[in-house]
Amino acid sequence: MDYLAVTNQNRQAINAYIKNHWFSTEMIIRGEIVDMTTVEGVVGMDGDEIVGLITYRIYAKVCEITSLDSLREGQGVGTALLEQVTAIAKAKDCQKVSLITTNDNINAIRFFQKRGFNLVKVHLDAVTRSRILKPKIPLIGQNGIPIRHELEFELLLGN
Ligand SMILES: CC(C)(COP(=O)(O)OP(=O)(O)OC[C@H]1O[C@@H](n2cnc3c(N)ncnc32)[C@H](O)[C@@H]1OP(=O)(O)O)[C@@H](O)C(=O)NCCC(=O)NCCS
């Protein structure tokens, strides 16, 4: 498995992957529409095949993960992508890595907490509000749980 930065060379293939997997290149994070075709990222490759993608943006010494997706779950791809971005954030002198997930995403809530992330904020009904901007956001998520809230996690880096 190779982990490569998203660059002008592979950007088109990555954008095609984003469109195929999310049916949209826009994501709403705390009420802000983020264009996923412009954020930085690291892609996991097995030969020519994309097996995972993490995207992020850095501002005010915070590295915000805007997405993390593994196409080969349970084989270490998600952990490797997270480690790559944490290393970039440290090298760029960030104080923390932060991310938002939703209240239904039990899998992500387990995954990030086991990797040192701490729940720091609950944005009550943030997804309910995002649905006004993007009505395609489903009402029901993992395990039949209604999707309503954004949970904010962070990992302090000690910089
Ligand atoms: C959350 C997500 C990114 C995790 O990716 P992943 O590739 O499955 O992650 P890993 O394989 O590194 O770890 C998953 C589990 O598999 C285990 N695992 C990893 N490699 C393994 C191996 N070779 N053999 C057995 N188990 C293994 C890990 O220990 C881990 O379990 P744990 O979290 O209980 O410790 C993935 O489930 C995903 O894409 N979810 C959908 C999108 C999403 O929710 N993104 C996060 C919100 S932003």
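Two residues are in contact here if their C-beta atoms, placed from the backbone, lie within 7 Å. By that rule Ile-65 touches Ile-54, Tyr-56, Val-85, Val-97 and Leu-99, leaving aside residues up to four places away in sequence.

Two notes on reading come first. Residues are numbered from 1 along each chain as its sequence is written. The model is predicted, so local features need pLDDT of at least 70 and side-chain atom pairs count only at pLDDT 80 or more, while totals for chains, interfaces and linings use all residues.

Ile-65 belongs to the largest nonpolar core, which has 22 residues. Such a core is a set of buried Ala, Val, Leu, Ile, Met, Phe, Trp, Tyr and Cys residues joined through C-beta atoms within 7 Å. Buried means that 20 or more other C-beta atoms lie within 10 Å of a residue's own; exposed means 12 or fewer, and partly exposed is in between, with C-beta atoms placed from the backbone. The members that touch the most others are Val-42, Ile-54, Cys-63, Ile-65, Leu-81, Val-85 and Val-97. Two or more residues each come from strand S4 (40-46), S5, S6, H2 and S7, and H2 gives the most, with five. These labels are DSSP runs, numbered from the N terminus: helices are H or I of at least four residues, strands are E of at least two. In soluble globular proteins, nonpolar side chains tend to be buried together.

Now for the sheet. Seven strands form an open sheet in the order S1-S4-S5-S6-S7-S9-S8, with mixed pairing; two strands pair if DSSP finds at least two bridges between them. Strand S1 (2-5) and strand S8 (118-123) stand at the edges with a single partner strand each, so one side of each has no neighbour in the sheet. From one strand to the next the twist averages 25°, where axes are lines fitted to C-alpha atoms, for helices over the stretch in contact, and angles run from 0 to 180 degrees between N-to-C directions.

S4 and S5 run antiparallel and are joined by seven bridges; Glu-40, for instance, has Tyr-56 in S5 as its bridge partner. Their hairpin has two residues between the strands, and Gly-47 takes a positive phi near 65° there. Strand S5 (residues 49-59) then pairs with S6 in the antiparallel sense over eight bridges. Leu-53 has Asp-69 in S6 as its bridge partner, and Tyr-59 stands opposite Val-62.

Most residues other than glycine have a negative phi. Ala-60 is exposed, with 7 other C-beta atoms within 10 Å. Asp-125 also has a positive phi, of about 60°; this residue lies in the loop between S8 and helix H4 (126-133) and is exposed, with 12 other C-beta atoms within 10 Å.

Finally, the ligand is surrounded by 19 residues, the closest being Ser-70, Glu-73, Gly-76, Gly-78 and Thr-79. A residue counts as near if its C-beta atom, placed from the backbone, lies within 6 Å of the molecule or strand in question. Strand S6 (62-70), helix H2 (77-91), strand S7 (96-102) and helix H3 (106-114) each give two or more residues to this shell, and H3 has the largest share, five residues.
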